[in-house]
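Here's a quick look at one chain and how it meets its partner. Have the structure open as you read.

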Amino acid sequence: MVSTIDTVESLRAQFPDAKFRVEPTADMATVVVERGNLVPAMQFLRDEPSLGFGFLVDLSAVDGLKLEDDWPDRFQVVYHLLNMDSGNALRVKVAISESDCTLPSLVGLWRSADWMEREVFDLFGISFEGHPNLKRIMTHHEFVGHALRKDYNIQDGQWLGETESLMDEIGEYGENPADGGFSELIPINIGPAHPATHGTLRFFGKLDGETLVKVAPEIGYLHRGFEKHCETGSWTMVIPYTDRLNYCSAMLNNVGWCHTVEKMIGVEVPERTQYIRVIISELSRIIDHCVCIGAMLVDLGALTNFWYLFNLRERVYQIMEELCGARLTSTYVRIGGVAYDLNPEFIGQVREILKEIPKGVGDVLGLIKKNRIFLDRTIGVGVISKEDAVNYSWTGPCLRATGVDYDVRKAKPYYQYADLDWDVPTRTNGDVHDRALIRFDEIVQSMRIIEQALDRIPGGPVMSDDKRVQLPEKEDVYGSIEGLMNHFVLVYDGIKVPAGEAYHSIEAANGELGFYVVSDGSGRPYRVRCRPPCFTLLSAFSEIVEGSMIADAVPTLGSLNIIAGELDR
Amino acid sequence: MGLENFFANKTGFVATKLDHVINDVVNWGRQNSLWPYPFATACCGIEFMGAVSNTHDISRFGAELVRFSPRQADLLIVAGTITYKMAPILKRIYDQMMEPKWVIAFGVCAASGGFYNNYSVVQGIDRIIPVDVYLPGCPPRPEAFFDALIALQKKIAGEEIEEHYREKRPQLRPDSDTDWDVPAVDPAARGIRRGC
């Protein structure tokens with residue numbers, strides 16, 4: 001275990017002339033570096049074996065316009081690093097002023113920084129020197145201004161006249177210079193309204209026969225301003241927006257957000273709630289994997305599996321609806337607990353579903369496991385190596401399919417995951433086949449977790465009795481001045497989170513779902529950054545599929561399980 | 001198109017009663033064999049999948065043949081949030097569809113922007129294309145979608161068959177400022193700083 005002091009000491013020993021300032025943050029060590037030292041310091045942090053921060057978790061920025069007294073420079077760019085072996089996390093910050101907001105790019109160190117830097121450029125207007133393709137990524141190319149800056153009005157919509165051509169990204173087409181003009185390079189556009197893209201992605205590619213020579217993905221077609229919206233309401237009002245991040249498993253996003261805010265306030269949720277959250281998280285994970293596998297198999301021409309898996313999904317929807325009144329977008333979790341206790345039938349219903357899942361999943365596995373078409377189209381297709389996956393900041397099942405056993409539930413256990421008996425399934429090939437089958441393995445593990453949680457779930461309250469998050473009982477409100485005041489303040493100001501910053505994450509269905517939150521101590525978030533798992537997965541897509549057949553690109557995309565809601569936010 | 005055109009051209013020659021009969025027969029055919037194009041962008045798309053799949057089974061209403069080409073479809077189901085980036089695509093897809101064509105705004109995001117009242121989301125697709133049925137819900141349940149589908153079928157039953165061959169303009173709201181002639185952005189006038 002390397003402490004903060006050691007990290008900073010080794011940085012200072014390596015760069016004696018540079019200044020490194022340590023900030024007191026509770027969740028992880030924070031080091032502020034100067035702009036000139038950013039790249040060498042990051043390279044040192046990544047490559048020094050005793051530190052080993054080889055994983056770039058997140059890259060975002062904060063606009064300090066409304067915090068002017070505390071912030072001499074307007075912007076801070078924030079990097080979150082992780083040592084995957086020891087679990088050490090480190091936050092590196094760089095402060096830059098408005099008049100000169102440029103930073104050196106980190107694309108040379110982590111390729112996942114490519115898209116993350118484009119997003120910061122788009123939404124904050126911070127340019128990165130040395131970036132190969134610094135274009136807007138979320139908003140459209142005719143957009144003026146930078147949406148996440150504090151002086152950009154949230155309702156200033158801007159119409160787009162014409163979609164970007166993307167011709168500059170794929171280069172020349174026509175006669176192929178590689179074989180002396182014998183063959184021809186043809187541009188091809190897929191999406192954003194194409195069934196193979198499962199949502200709203202666009203790929204512009206260049207074909208040589210049926211081989212993809214170059215692919216330029218374009219995202220942002222479902223950018224709904226999640227992060228900007230979070231700054232407008234109270235902390236509780238963010239919960240409905242999180243439902244619509246990964247809408248295939250809405251409960252998991254609820255849990256991720258409330259987990260982060262509870263950690264910032266310092267509220268401990270009751271044990272019963274922790275078990276409830278574990279159960280609904282794993283149920284959500286199962287139905288998310290069902291959609292992913294089902295949709296991917298539809299792309300391969302196997303429609304039957306989709307119906308089998310959607311049957312399971314409908315069953316889970318039914319009990320979710322009985323639990324919280326909504327099928328898809330549940331908003332069930334609250335800061336400090338959950339909205340209602342379990343309905344009396346819930347545990348019995350989940351036990352019944354646990355009996356049905358093996359049948360549905362078994363039917364699908366029986367259809368595909370030895371199916372020649374499935375095996376031919378998936379084995380050895382869309383391969384990514386372990387090193388590349390880490391370099392692209394992959395997490396979740398897709399990373400575990402390459403052989404890295406990183407799972408937030410094991411690495412940073414939250415709730416009861418440390419006490420329950422379950423395994424992290426891994427596979428080794430990193431191809432479409434493994435990415436599909438590892439989801440079946442995870443369904444089995446999720447079922448193990450749910451079974452144990454159902455046996456162990458205790459009674460008791462489902463909301464924390466902490467006065468900072470929970471409304472007092474009615475008799476207290478009407479009977480005592482403290483209760484009345486408490487009620488008044490909670491209703492008027494909302495839940496207050498102490499000033500500071502924190503990054504906390506959970507294992508969502510696609511990987512690490514993290515929230516980096518900055519609070520100024522008022523009743524609303526100052527800045528919320530969501531680290532979506534899909535974003536880094538898709539940023540590696542063009543490298544995976546370039547050189548392969550165009551027909552293989554479709555199952556490759558399906559196996560990544562791109563959910564546009566959390567990809568574009 | 002042949003059948004409708006045939007009837008539409010002949011209606012001048014036939015008696016009024018027969019005219020009604022022909023009208024009803026064509027509409028009966030249209031309303032019970034809708035070919036949907038799911039323009040599914042977001043969460044509502046998942047509920048649309050739920051409506052199509054076996055538990056709810058959209059084929060009971062004769063609309064199960066989902067087409068992914070606008071040229072083969074006559075019902076555009078806009079399921080999900082439409083952003084300004086997506087707006088030209090939606091407009092183009094609507095224009096590519098043959099007459100007769102209908103549009104369902106599936107969910108509040110498509111109908112009004114929903115709770116995404118921000119810089120990125122179009123505040124209702126009726127600023128771009130005409131809408132026949134607005135379906136609230138975030139997302140609407142499959143049953144609600146069937147309600148909208150039946151409402152659309154009733155609407156089709158009452159239509160004049162020639163109606164679809166007249167020129168159509170988007171039904172813009174009074175406060176809407178665009179009919180796809182995109183207003184030029186003047187950053188200075190709107191107080192937006194370009195940044196560095």
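## Chain B at a glance

Chain B has 7 helices and 4 strands. Keep in mind that this is a predicted model. Reading from the N terminus, the elements of chain B go α-α-β-α-β-α-β-α-β-α-α.

## Packing and surface

Of the 196 residues in chain B, 53% are buried. If you look at contacts in chain B with a separation of 6 or more, 79% of them involve residues 24 or more positions apart.

## Where chain B meets chain A

The interface brings 52 residues of chain B into contact with 59 residues of chain A. Between them, the two chains bury about 4,900 Å², with 63% of that coming from carbon and sulfur atoms.

On the polar side, there are 14 residue pairs in polar contact across the interface, both residues being at pLDDT 80 or more. Four elements of chain B each give at least two residues to the side that touches chain A: β1 (36-40), α3 (43-52), α4 (87-96) and α7 (187-190). The largest share comes from α3(B), with 6 residues. Sorted by class, this side of chain B holds 31 nonpolar, 13 polar and 8 charged residues.

## Salt bridges

How many salt bridges does the rule find across the interface of chain B and chain A? There are 3. In a salt bridge between A:R327 and B:E47, the closest N and O atoms sit 2.7 Å apart.

Methods: Residues numbered from 1 in each chain as written. Chains lettered and ligands numbered in written order. Predicted model: local features only at pLDDT ≥ 70, side-chain atom pairs only at ≥ 80, totals over all residues. Heavy atoms only, no water. Buried < 20%, exposed > 50% of the residue type's maximum accessible area, 1.4 Å probe, protein only. Contact = heavy atoms within 4.5 Å. Buried area = accessible area lost by both parts, 1.4 Å probe. Salt bridge = Lys/Arg side-chain N within 4 Å of Asp/Glu carboxyl O. Polar contact = N/O pair within 3.5 Å; in protein donor to acceptor, adjacent residues only side chain to side chain. Nonpolar A, V, L, I, M, F, W, Y, C, P; charged D, E, K, R; others polar.
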